[in-house]
Amino acid sequence: MRAERDELAVAERVWKRMAEQLTAEQAAAAPAAVQAGHAVLLVPHRGRGVDVDSLPPDYQRILALVRGAGGPVMVKQVGEELRLEAAVRGKLEPLRGKLSKLAGRGWLRKLPTAASPRACELPRGDV
């Protein structure tokens with residue numbers, strides 16, 4: 001019985017050590033967008049106290065391009081400025097998703113125009 005009890009005690013220590021190691025690995029592999037058990041958006045909603053610097057660098061660059069255009073821009077135009085293969089539609093889909101995310105969170109405004117229902121610009125009052 002003592003031998004079995006000793007084996008169980010060793011197994012329990014090994015299990016605890018492995019569980020701690022697994023927890024540490026999961027915490028290290030967790031995205032930086034999770035803090036203290038609360039999910040944090042990679043692209044936050046626009047509001048007071050939230051500025052462009054809170055966005056990831058690629059989103060900041062997209063906003064700078066839209067701001068520099070001075071008016072409505074289409075995904076293809078932004079893609080060309082980012083030196084993406086704008087002639088290949090599939091290459092622009094990730095960019096289209098980023099622009100939609102920015103529009104959905106209040107950083108851009110989608111404009112349905114005669115030329116394209118997918119034009120974007122800065123919200124009114126932003127320059």
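A salt bridge here is a side-chain nitrogen of Lys or Arg within 4 Å of a carboxyl oxygen of Asp or Glu. The model is predicted, so local features need pLDDT of at least 70 and side-chain atom pairs count only at pLDDT 80 or more, while totals for chains, interfaces and linings use all residues. Residues are numbered from 1 along each chain as its sequence is written, and side-chain values use heavy atoms, with hydrogens and water left out.

The structure holds three salt bridges. One of them joins Glu 93 to Arg 96, with 3.3 Å between the closest N and O atoms. Both residues sit in helix H4, three residues apart, or about one turn of the helix; helices (H or I, at least four residues) and strands (E, at least two) are DSSP runs, numbered from the N terminus. Arg 96 is buried at 15% relative accessibility, whereas Glu 93 is partly exposed at 33%. Buried means under 20% relative accessible area, exposed over 50%, and partly exposed in between (1.4 Å probe, protein chains only).

Helix H1 (residues 2–29) has a pair of its own: Glu 12 and Lys 16, four residues apart, about one turn of the helix. Their side chains meet in a salt bridge at 3.7 Å, N to O. Glu 12 is partly exposed at 44%, and Lys 16 is partly exposed at 43%.

Then there is Asp 58, which pairs up with Lys 98 in a salt bridge, the closest N and O atoms being 2.6 Å apart. This one links distant parts of the chain, with Asp 58 in helix H2 (residues 57–69) and Lys 98 in helix H4 (residues 89–104), 40 residues apart.
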